[in-house]
Amino acid sequence: MRRTTFKLLGIGCVGLGIAGAFLPLLPSTIFFILAAASFARSSPALEARILKHPVVGPPVLAWRKYGAIPLKAKVFALVGMAIGYAVFLLVTQPVLWLAVVVALAIIASAVYVATRPSGPKDPSLDECSNES
């Protein structure tokens, strides 16, 4: 039952990751990271497919090994957060307290993303070096 649950969760995350590759403002890498973690608990073969994938594998490996987010991904994430907050303000016109709460949550998320390393300390030692 546990393996099946993790496998279904992984499949769902892969689906969201694929959707995120085509939909603006929907991240994809985080869903592949979650899918790999789910498959690690349910299907090593599916986990290996994600880790060996030429596009999604390197960012997942960089996150696992170094907690790293490539600089390009950081920029997209931070710009996406800013655009998302602007849309939130314009569309919902929230009361002040709600606008502040959402702003604080987005700022905290942005600080977290911005403070992650961009890659390994010595890029020549790792296959993730092309993502730094």
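The chain contains six helices and zero strands, in a model that is predicted. Read from one end of the sequence to the other, the pattern is α-α-α-α-α-α. Along its principal axes, the C-alpha trace spans about 50 × 40 × 25 Å. Of the 132 residues in the chain, 29% are buried. Among contacts with a separation of 6 or more, 56% are between residues 24 or more positions apart.

One helix pair can be followed in detail. Two packed helices are described by the angle between their axes and the distance between the axes. For helix α2, residues 29–40, and helix α4, residues 57–66, the axes come within 9 Å. The crossing angle of this pair is roughly 70°. Angles of 65 to 115 degrees count as roughly perpendicular, and α2 and α4 are therefore roughly perpendicular to each other. The crossing of α2 and α4 is right-handed.

The residues that make this contact can be listed from each helix. From α2 come T29, F32, I33, A36, A37 and A40. These meet P59, V60, W63 and R64 in α4. By class, the contact of α2 with α4 has eight nonpolar residues, one polar residue and one charged residue.

Helix α3 covers residues 44–52. Which residues of α3 are buried? They are E47, I50 and L51. Because these residues cover an arc of only 95° around the axis, they lie on the same side of α3. On the other side of the helix, A45, R49 and K52 are exposed. The two groups are separated by relative accessible area, with buried meaning under 20% and exposed meaning over 50%. What covers the buried residues of α3 includes α1, residues 2–22, together with α2 and α4.

Helix α5 spans residues 71–92 and helix α6 spans residues 96–115, and Q93 lies in the loop between them. Is Q93 buried or exposed? Q93 has a relative accessible area of 66%; exposed means over 50%, so Q93 is exposed. Q93 and I69 are 24 residues apart in sequence, and their C-alpha atoms are 32 Å apart in space.

Definitions and conventions. Residues are numbered from 1 along each chain as its sequence is written. This is a predicted model: local features need pLDDT of at least 70, side-chain atom pairs count only at pLDDT 80 or more; totals for chains, interfaces and linings use all residues. Side-chain values use heavy atoms; hydrogens and water are left out. Axes are lines fitted to C-alpha atoms, for helices over the stretch in contact, and angles run from 0 to 180 degrees between N-to-C directions. Helices (H or I, at least four residues) and strands (E, at least two) are DSSP runs, numbered from the N terminus. Angles under 35 degrees count as roughly parallel, over 145 as roughly antiparallel, 65 to 115 as roughly perpendicular and the rest as oblique. A crossing is left-handed if the near helix is turned anticlockwise from the far one by less than a right angle, and right-handed if clockwise. Contact means heavy atoms within 4.5 Å. Ala, Val, Leu, Ile, Met, Phe, Trp, Tyr, Cys and Pro count as nonpolar, Asp, Glu, Lys and Arg as charged, and the others, Gly among them, as polar. Buried means under 20% relative accessible area, exposed over 50%, partly exposed in between (1.4 Å probe, protein chains only). The arc is that of the directions from the helix axis to the C-beta atoms.
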